[in-house]
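This report covers pockets and aromatic contacts. The structure comes next, followed by the terms and the findings.

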Amino acid sequence: MKWTFLPAAGFAGIAPQWDALRTLGPAAPMLAADFVAALLSAFGTGRERIALCHDGHGLLAAALLVPQGRASWATFQPAQAPLGCWLQRPGSDPQALLASLVRALPGFPLLVGLSQCDPFLLARPADGGATQAVDYIDTARIVVDGDFDGWWEGRGKNLRANLKKQRNRLGAAGTATRLDTWRAPHQVAQAVADYGRLESTGWKGRAGTAVAADNDQGRFYRHMLEAFCDHGRGSIYRYSFGEQLVAMDLCIEDGDCIVILKTAYDESVPKHYSPALLMREEACRSIFDEGRLRRIEFYGKVMEWHTRWTEDVRTLYHLNCYRWPLLLRLHARLQRESVAEQTG
C-alpha cells in the first residue's frame, strides 16, 4: 500500500484512472471525473492535492485533499459537491486506508477527514481505534421499481389530491403545461442562464447567491453539464405553463442512477400552483416509463416534502481519522466539555 501525491492541476492526466476506480462500485455520477474536473476549475485554489494509493493489484484509492491549517487535511468539498472527493476499491478497508494516508501526507498531520460520505457507496465503519464517524444529514432517494401508476398510488393521498387540484386549476384557466428534457451540449449555456433567472426570483436572488451565467456557480454548472451531456449523461428538465418557463431541474446520470443537483422555480408564480412539484411528478413518470434508471437521488437535507415522495432515507456521514487514538479521545472530551458549557 503506497500513497503518491500530485498537484490537482494534473487531474486531467489521472482522470481515466479515477473513473476506472469509480466504476468498480455503485453508480456515483457526482464523483465522476467530469464533475470533479469542473469543481476544480471553478472552485479550486491551487492548494488541492491528488492522493493515489496503489497496491499489488493496481489503484486502490484516490482522493482530492485540501490542507486545513497546519495539522489536518480534508477531502475537497465545495458547496456544489454533494459528496467528498474520495474513491476506493470495493471491499477495501477505509480505516486502514486512512491510517496509512495520515502517515503518508506531507508535514506531520494529526487528522484526515472524509466529508459527506454516502453509506450506499462507502459502508459506514464502526468507530474504533483512531477513526470516528459523525452524522452529517439525512438524505432521500426514490427507488424506481414497477410502473409509475403503482408507485404513484402509494404516495400520500394529500400529495396526489393537491397536484390533481393544481392541474384542474390550470386547465380551467386554459393554461397548458409542458415538460421538456434538454440533453444536448449546445443547449446547456441557455439552460444555465434560464436557471439563473428562475433562481433569482427567490431568496437566493435577494441574497446574491443565485446561479448566474457569469458567476463561478454558473460557470461550474455550464462546464460540468456540457461534459455530461456530451457523454449522454446530462438531463435538464424544463417545465412551462403555456410559454412561460416556471421550473427547472439540473440532473446528471451514471448507470442506473440520476441525481437531481439543483431545482429552481419562478417564485412570482402563485404558490398554490406548485410548479416544481408538478414538474417532479411528470419527470418521475417519464423516468419510470423509460425503465432505464433505478435510483433518483436528491442528496440534499431531507425536507418535509421529500417524505411525501419517498420513505427511503439514509444518513450521510463524515469520517475522521486521527494520527493516534489518544487524539480522538482528547478531541471527543473537549467537544463534550464545550457542549456542556454551552448548555449549562
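## Terms and basis

Ala, Val, Leu, Ile, Met, Phe, Trp, Tyr, Cys and Pro count as nonpolar; Asp, Glu, Lys and Arg count as charged; the others, Gly among them, count as polar. This is a predicted model: local features need pLDDT of at least 70, side-chain atom pairs count only at pLDDT 80 or more, and totals for chains, interfaces and linings use all residues. Residues are numbered from 1 along each chain as its sequence is written, and side-chain values use heavy atoms, with hydrogens and water left out.

## Largest pocket

The lining of the largest pocket divides into 21 nonpolar, ten polar and seven charged residues. A pocket is an open set of points on a 1 Å grid over the protein atoms alone, where a 1.4 Å probe fits, with protein on both sides within 12 Å along at least five of seven lines; lining residues have an atom within 4 Å of a point. The space in the largest pocket is about 1400 Å³, a volume being the space filled by probe spheres set on the points. Of its 38 lining residues, Tyr195, Lys204, Leu261, Lys262 and Thr263 are the closest to the centre.

Several elements each supply at least two lining residues, among them strand E7 (131-143), helix H6 (188-199) and strand E11 (257-265). E11 gives the most, with six. Helices (H or I, at least four residues) and strands (E, at least two) are DSSP runs, numbered from the N terminus.

## Second largest pocket

The second largest pocket holds about 360 Å³. It has 27 lining residues, and Trp86, Leu87, Gln88, Leu121 and Leu122 lie nearest its centre. E6 gives the most to this lining, with four residues. The lining divides into 16 nonpolar, eight polar and three charged residues.

## Aromatic pairs

Rings of Phe, Tyr and Trp (its six-membered ring) pair if their centres lie within 6.5 Å; planes under 30 degrees apart count as stacked, over 60 as edge-to-face and the rest as tilted. The count comes to 17 aromatic pairs. Trp3 and Trp86 form a tilted pair, 6.2 Å centre to centre with 40° between the planes. Trp3 lies in strand E1 (residues 2-7) and Trp86 in strand E5, so the pair ties together parts 83 residues apart in sequence. Trp86 is buried at 7%.

Phe11 and Trp18 pair edge-to-face, at 5.4 Å and 70°. Phe11 is buried at 4%, and Trp18 at 1%. Phe148, Trp151, Trp152, Phe288 and Trp309 form one aromatic cluster.

Conventions:
Buried < 20%, exposed > 50% of the residue type's maximum accessible area, 1.4 Å probe, protein only.
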